[in-house]
Amino acid sequence: MKTVFLDRDGVINRLRQGDYVKSWSEFEFLPTAIPAIRYLSQADCRLIIVTNQAGVSKGIVSPEVLETIHQKMVVEIENGGGRIDAIYYCPHRDEDNCRCRKPKPGLLEQAIREHTIDPINRFLVGDSLRDIVAGQAVGCKTCLVANSQPVEDAGPDQILPDLLAAASWIISTLDRLGESENRGNTHKPE
Ligand SMILES: [Mg+2]
Ligand SMILES: [Zn+2]
């Protein structure tokens, strides 16, 4: 199934610079996030959130609070007509040396094991180069959402201002891929 991996902070909700979202009241949806998720859901994309949450390892956010924040986030998204199929988070810090903290691809690999994910039609949207590197490691087409061009050259396929622009790019890319598939008569409905 065509799948879009979404980073959370800075893509769905406003990034709290140098801080974590420690409670639901600190979770602020970015303006276009809910419509963008609805748009992708209506295009039959499976949406999977993959998020680094080192605040858990630091004892700043408990796993229970994080779960509650995610439950409320999903309810708001569903009220807005969208859907989230799964959420994977890494609770670790860099020094924990885990396999799941992005830029490592562990969260994505786990999601790929646990879902049927089309190898061609897979995308990742993130606001950091860590996200892009992780997505590229598992063959995603990648989109960096950023207000300015990144200094380093991680080579995302696209750099766009927000999730809504990313969603439009993903949907037009899927349409294009679908067309070339039909021309080649190699279609396989999902
Ligand atoms: Mg982020
Ligand atoms: Zn981890």
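Two residues are in contact if their C-beta atoms, placed from the backbone, lie within 7 Å. With that in mind, I turn to the chain before us, which is a predicted model. Of the contacts in this chain with a separation of 6 or more, 62% are between residues 24 or more positions apart.

Let me begin with the overall architecture. The chain has six helices and six strands. Read from the N terminus, the order of elements is β-α-β-α-α-β-α-β-α-β-β-α. The radius of gyration is 16 Å, close to the 16 Å that the globule rule gives for 190 residues, so the chain is as compact as a globular protein of that length. The C-alpha trace spans about 55 × 35 × 35 Å along its principal axes. As for burial, 36% of the 190 residues count as buried.

I come next to the sheet.

Now to the individual pairings. Strand S1, residues 3-6, pairs with strand S4, residues 122-126, in the parallel sense over four bridges. Within that pairing, Val4 has Phe123 of S4 as its bridge partner. S4 in turn pairs with S5 over four bridges, in the parallel sense, and here Phe123 stands opposite Lys141 of S5. The chain passes from S4 through H5 to S5, a β-α-β crossover that is right-handed. Further along the sheet, S5 and S6 are joined in the parallel sense by three bridges, with Val145 bridged to Leu160 in S6.

Is S5 mostly covered or uncovered? S5 is mostly covered, with five of its five residues buried. Lys141, Cys143 and Val145 point one way from this strand, while Thr142 and Leu144 point the other way, and all are buried.

The buried residues of H5 are Leu129, Asp131, Ile132, Ala134 and Gly135. These buried residues pack against S1, S4 and S5, and also against helix H4, residues 106-114. Just after H5, Gly139 takes a positive phi of about 80°.

In soluble globular proteins, nonpolar side chains tend to be buried together. In this model, the largest nonpolar core has 43 residues, and those with the most contacts inside it are Val4, Phe5, Phe123, Val125 and Leu163. Which helix gives the most to this core? Helix H6, residues 163-183, does so, with six residues. Val125 shows how the elements meet: leaving out residues up to four places away in sequence, Val125 touches Val4, Leu6, Asp7, Val11, Cys143, Val145, Leu163 and Ala166.

I shall close with two single positions. Pro156 lies in the loop between strand S5, residues 141-145, and strand S6, residues 158-160. Why does Pro156 count as buried? The reason is that Pro156 has 24 C-beta neighbours inside 10 Å, where 20 or more are needed. Apart from neighbours within four places in sequence, Pro156 is in contact with Ile132, Thr142, Cys143 and Leu144; Ile132 is one of the buried residues of H5, and Thr142, Cys143 and Leu144 are among the buried residues of S5.

Gly55 is partly exposed, because 18 other C-beta atoms lie within 10 Å. Beyond its neighbours within four places in sequence, Gly55 is in contact with Tyr20, Ile60 and Val61. Gly55 and Asp162 are 107 residues apart in sequence and 25 Å apart in space, C-alpha to C-alpha.

How values were computed. Residues numbered from 1 in each chain as written. Chains lettered and ligands numbered in written order. Predicted model: local features only at pLDDT ≥ 70, side-chain atom pairs only at ≥ 80, totals over all residues. Core = buried A, V, L, I, M, F, W, Y, C linked by C-beta atoms within 7 Å. Buried ≥ 20, exposed ≤ 12 C-beta atoms within 10 Å, placed from the backbone. Helix = DSSP H or I, 4+ residues; strand = E, 2+ residues; numbered from the N terminus. Pairing = 2+ DSSP bridges. Right-handed = clockwise from strand over helix to strand, strands pointing away. Rg over C-alpha atoms; globule rule 2.2 N^0.38 Å.
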